Structures are given as C-alpha cells and as structure tokens.
Amino acid sequence: MTRTLYDKLVDSHKVCDLPDGDIVVYVDLHIMNEYTSPQAFSGLGAKGVNVRQPEAHLAVVDHVNSTRHNIAPDTASKLLIDNLEQNCLQHGIAFYGLGDARQGIEHVVVPEQGLVAPGMLVACGDSHTTTYGAFGALGFGIGTSEVEHVLATQTLRYKRMKNLLVTVEGDLAHGVTAKDVIICIVEEIGAGGANGFAVEFAGSAIRSLGMAGRMTICNMAVELGARAALIGADETTYQAIENKAHSGSFRFEGENWQSDPNAEFDRSVFIDAKTIAPLVTWGTSPDQCVSIDGSIPSDGDMASPQQKAALTRALNYMGLKSGQSVQDIPIDRAFIGSCTNSRIEDLRDAARILSGRHVASGVTAVVVPGSAATRIQAEQEGLDTIFREAGFEWRPESGCSMCLAMNDDIANDGERIASSTNRNFEGRQGRGARTHLMSPAMVATAAVAGKLADVRKFIGAGA
Amino acid sequence: MTKTITSWCAPLPIANVDTDIIMPKRFLKTITREGLAEGAFADLRFDDEGDPRPEFVLNKEPWRKASILVVGDNFGCGSSREHAVWGLVQLGIQACIGTGFAGIFYDNARKNGLALPIVDSDCRDHLLRFADKGQRSDLSIDIAERTLHADGKTYEFKMDDATRQSLLDGRDDTLDTLKLINEIQTYESNLDAVRRVRVLK
C-alpha cells in the first residue's frame, strides 16, 4: 500500500491508538519559548509531575526581548525570561538565553544547530513550527496545555489529518522568490482553506529551492490553515543538515521520507510557477494579496458576501481604496526579520537590492537577523555595512521583534510597514499599524522607493 | 461535564478572526492563566481610552450576557497562544459556533472546555440572523447528541468523537496519558539509540 510522507511520519511516531479515535504520537524534539511555556511548567508543578525526557527539549528566548543594543527587558518581559531560565534549570533542559551565541528566533536556531532531520516529529508552542516540514520532518504548533503534555509524557494526543498536495511546476519568473510562491498558494487556497489538512509541497519549482526558501514556504503554510507542511527529503535536505552542532548525533532512518510515487492525496492543487509575480498583501489576512503591478481590488472582484465584507473591513483598516495602484502606496517603515525571512539567504537577497542605494527619506528601516549566528555570518560577509550604508538600522541582537511587536519594536497607529514577516493581522505590528507582507527583496525595494515598488525594476534582467 | 449549553447568542460575523484580535499581545506577558477576561477582544471592546466601544456586540444589550458566539469562517487562526481561549472562557464564553476553526485553536478550546460546534455555512448564516435579532434566544447546544436548537429548529453539528468525549468528561489529558506509561516505555525501548535527540546545553 502506498503512503504519503505525512502518513509515514505519523505511522513511525505512533505510540498507540486511543478508543476515542485519537492516537498518541511520540515527540522527538520539543522547543519552547518564554511566553507560551510558563503555565505549562506551573501545571506540571500543580500535578506533581516531572519532565520525562529533559534532553529532548530546547528553550529559546526570542519573542519579548529587545533586539537593540544593551536594552534590558521591561519588568513583565524579564519575568517571562527569568521564569523560563529557572524552569529549565530546575528540570535540566537546555536553555539558549540572551547573550548565548546560539540564541535567536527559535525556528532559525533549530535548523542552524542541526536539531532537525528528515523523519523527526517536532512540536513547539508556536504556530510557525510547520517550518520543519522543509526538512521532511513533521513539525506543528501546540498550545500551552499541550506543552505541559509533552513535558510530562514526551507525547501528544493527536488527530490524523487529511493529505493535501500542492504542486508548483516550472521555473519561477524573474524577481519571484519563495515568499511570493507561498503568498500565492495562500491566496489560491484561502486562509483556513487547508484547515484539517497536512499539506505537502512538490513540483520542480519547490525542488529547485534551497533550504531557506523551503523553510519560508513551510513556515507560512500555517497561514492557509495547514497544521503541518512537508517537502520530501532529497539531496538538498541531507546536505543541509551536515556540519552543524548536532549533526550526526541522531538519525531517523528506516524510510525514504518522501511520499510514495503513487500515494493518494485527499485533495490536490496545481500551480504553474511562471504565472506567479512578485506579490504584496493589501489587506488584513495573508490571502488578501495582489501582484506588485496590480491595483487594490474592488467589490466586483469578490465572490462571496463574506469576502465583500472582509474587503470593506480590511480597506477601512488599511486606509486604502479600491482601484488604487499598489505602487502608489507610500510606506513609513521597512522591516526585515522573523522566522519566515531573516536567514542569511534572505539578508543577501535584500542586500543585493540595497547595495549602492539608499532608503527614502521619511522611511524607518530596520533589519533583525534571525539569530546571533546569522548576524555574525552576515557581518563576515559585509552585509551589515551594505544595510547600514543604505540607511537600514542593523540590529545587534536577535528575536521576533516587529513581526509581532511583543518587544519594544512597535509601529504607531496608522503607520504603514513593508514587512518580510508572516501576518498582516489587525494590530499585529502595533495597534492600528498597517502591514504589507512581501519578500525581503521587495521590502528593500519599497524602503528605497519610499512606497511599494516592483523589485523587477531594481534588478538586472535575468539576474 | 458539559452536556448542554443554553444561552443568548451574539453574532460576530467577521471572517478570519485571529488570536491577535481575540487576545492582543499586551496581555500575554504573564506567567499565569488568570486575569485574561479583560484582554479578550480588547481592541474591539475598548477604545484607546479604555472606554467600551458602544458598537461592539458584546457591549450592547441584550448580547452583553451572551455565552455563545456565532462566528465567521476560520475563527481562531494565527498564533498558537492558548491565552486566547483562556480569555474567552474567563469572559464567560462557553461556545463558538462556526463553519471551521484553526487547528491549534480548536485543540486549545477542547483542553479548556470551550465548545466549538461546526455547522455548514447555511446554518451558520441562519444562526447569525437569529442571533442578530437579539431575542431571548435559548440557543441550546447538546454536546452528547451533537445537535443545537434555535429558533424552533434543530440542527446537527460536527464535533469529532475525542473532543466531544473530552467536553463531556472534563478530562485532564496529561494525567490521562500518564496512565499509558507502559505503552510510552515500550515505544521508547524500541527506539534505536540514534533516534534519540539530546540537545546540547
């Protein structure tokens, strides 16, 4: 019988069936951050339960810390950070805190440290844990009660999902990146369109991507509702897990960690790669996007009354009008960072645009490398100089920062941001702040133009 | 435990209500589960000065006392923060009826006794109109039977068996799974030594 990669991953981690239809799955690696774990540890204490496998957990500080130089966390943030450190110390769990050379955004740190490999099951109290699917591993986000459950049992109660295959075939057009591919997929399937599904990405356009691009795609799969995202492991994957701190210390063999050639999927979606243009979101849901050379949609473009209502609400929040040309939209801020797009490859992409150019006056531009190690690598390549000379603020510390504005990076009411992040929700980057999602190169382009602009005009043809 | 929920119901016909809207980030810097009622829908409920926004449904009579929300598609999408569910429950919300919910939110709800009956869009739209009338509605949700009763009609809803049972029994999954310790030990003892992740400190 043929099986999908998802089926293989679930089968190989099944501990037992439960009478109510759920199964129990084993968690190979569990990652924690400072804001979704405190109540899990206190739950353990209240129940008098110990951590079952302390070595299989990693805690990273990333959500609330400032990424500016030498800025101490505020009292409430410090409480979260200290609480996590204390809990890790008490239970013997690895803790990569502020000042640790391995610290950074959790989903950047884990691959960088070689802690993910094909065939694993990874859980974390963060929705973007789907990132690990890029490695042919089953990664998914969990709530705090489930964090407690993993700590206590090293397992989760789990409901098997349906299989969705998204094939992106062909060559990506000039100036189009993995970010554009996933935004296109989110628009095609809809936010929530993949609820109840594990999605596998396949096709030559996906295969041709390096690991950073694959991670961007799997990371944002949660924005279409997929609880898990997968890309079959290949040569690119196995090469990427070599020469890291944990490389070779574990292996998950026994399967090829790809879907069988004739595996059956419950649903399939096909996308022709050459039809994808550089995209930006215009609304307050990641599926509300448009080509950079397009215009803001109008009522007539919306199929359902719900979509029409969503359009009205989003345009009101975003301060935009139907029919307005996208490239006429001025920005106040440019932000490059987040677990979606802050890896060395992303920084190189943006630096290529910024080299010899300068941020437009009136635009505040910030770049937050995904981890301390990423920052050092970038500085060795001289990328920091390019960003600085272009007028970007190069942050010396790493964290989520203005992706979700839980630290001191908060946009003001009404400010418009070109952002390499993953969510354009109301209030996400600050109360009343207006987010446009796009690729790092497009953020750099917008920063220079002072408005949303077409990256294709900034790069040589066929580059 | 929860067998039937009977309450006024309030319409919240917005698609893709994410957990940032349900629980804004300024309420997340806490190490307890308590005190989150104030944060639930805070930016929809209150203006910049902290005064209630009169136009928001839960600030209006008669919906002020609603314990059931009828919601738009894909409610609870976005961040995994369980604080969103804690806040809703602490605000007195016992159920949200919708056409579909984001996966993590759905699981978080189950852990905290918040019922999420799933209905088709015709039924949901009907319930939205019904809720909008603001009559003493007696919308009643029967978890065991997976039916809901409103406006003189009975509708079936979807809820997977495990969630239904969890809501009926009020389970503690952590303690329940610890009873399966033999199965977990067997799985672990069958693991090849190289299939064990040991994170460097």
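**A strand pair and its surroundings**

Modeller: Tyr26(A) has Thr155(A) of β8(A) as its bridge partner. Keep in mind that this is a predicted model. Strands of a sheet pair through backbone hydrogen bonds, either parallel or antiparallel. Now look at where the side chains of β8(A) go: Thr155(A) and Arg157(A) point one way, Leu156(A) and Tyr158(A) point the other way, and all of them are buried.

Elsewhere in chain A, have a look at Glu106(A), which sits in helix α4(A), residues 106–112. Glu106(A) counts as buried because 28 other C-beta atoms lie within 10 Å, and the cut-off for that is 20 or more. Leaving out residues up to four places away in sequence, Glu106(A) touches Ile31(A), Asn33(A), Val60(A), Asp62(A), Cys124(A) and Asp126(A). Met32(A) is 74 residues from Glu106(A) in sequence, yet the C-alpha to C-alpha distance between them is 8.1 Å.

Next come two helix pairs in chain A. Start with α6(A), residues 178–189, and α8(A), residues 211–220: their axes come within 8 Å and cross at roughly 25°. Angles under 35 degrees count as roughly parallel, and α6(A) and α8(A) are therefore roughly parallel to each other. Their crossing is right-handed. From α6(A), the contact uses Ala178(A), Lys179(A), Val181(A), Ile182(A) and Val186(A), while α8(A) brings Gly213(A), Thr216(A), Ile217(A) and Met220(A). Sorted by class, that contact has 6 nonpolar, 2 polar and 1 charged residues.

The crossing of α11(A) with α14(A) is right-handed. On the α11(A) side the contact is made by Asp346(A), Asp349(A), Ala350(A), Ile353(A) and Leu354(A), and on the α14(A) side by Pro440(A), Ala441(A), Val443(A), Ala444(A), Thr445(A) and Val448(A). The residues of this contact divide into 8 nonpolar, 1 polar and 2 charged.

Stay with α14(A) for a moment, since the helix is mostly covered: 10 of its 10 residues are buried. Among the buried residues are Met442(A), Ala446(A), Ala447(A) and Ala449(A). The cover over them includes α11(A) along with the strands β13(A) (279–281), β15(A) (333–336), β16(A) (364–367) and β18(A) (416–419). Just past the end of α14(A), Gly450(A) takes a positive phi of about 80°.

Chain B has 8 helices and 7 strands, and its C-alpha trace spans about 60 × 45 × 25 Å along the principal axes. Of its 201 residues, 47% are buried. If you take the contacts in chain B between residues at least 6 apart in sequence, 68% of them join residues at least 24 apart.

There's an open sheet here as well, with 4 strands in the order β1-β5-β6-β7 of chain B and antiparallel pairing. β1(B) (4–7) and β7(B) (153–156) stand at the edges with a single partner strand each, so one side of each has no neighbour in the sheet. On average, and ignoring direction, neighbouring strands of this sheet are turned by 15° against each other. β6(B), residues 147–150, pairs with β7(B) over 4 bridges in the antiparallel sense, and Thr147(B) stands opposite Glu156(B) in β7(B).

Finally, the two chains meet in a contact that takes 51 residues from chain B and 68 residues from chain A. On the chain B side, the elements giving two or more residues are α1(B) (19–22), α4(B) (103–111), α6(B) (161–169), α7(B) (173–178) and α8(B) (181–190). By class, that side of chain B has 19 nonpolar, 13 polar and 19 charged residues.

Terms used. Residues are numbered from 1 along each chain as its sequence is written. Chains are lettered from A and ligands numbered from 1 in the order in which they are written. This is a predicted model: local features need pLDDT of at least 70, side-chain atom pairs count only at pLDDT 80 or more; totals for chains, interfaces and linings use all residues. Two residues are in contact if their C-beta atoms, placed from the backbone, lie within 7 Å. Ala, Val, Leu, Ile, Met, Phe, Trp, Tyr, Cys and Pro count as nonpolar, Asp, Glu, Lys and Arg as charged, and the others, Gly among them, as polar. A crossing is left-handed if the near helix is turned anticlockwise from the far one by less than a right angle, and right-handed if clockwise. A residue is buried if 20 or more other C-beta atoms lie within 10 Å of its own, exposed if 12 or fewer, and partly exposed in between; C-beta atoms are placed from the backbone. Two strands pair if DSSP finds at least two bridges between them. Axes are lines fitted to C-alpha atoms, for helices over the stretch in contact, and angles run from 0 to 180 degrees between N-to-C directions. Angles under 35 degrees count as roughly parallel, over 145 as roughly antiparallel, 65 to 115 as roughly perpendicular and the rest as oblique.
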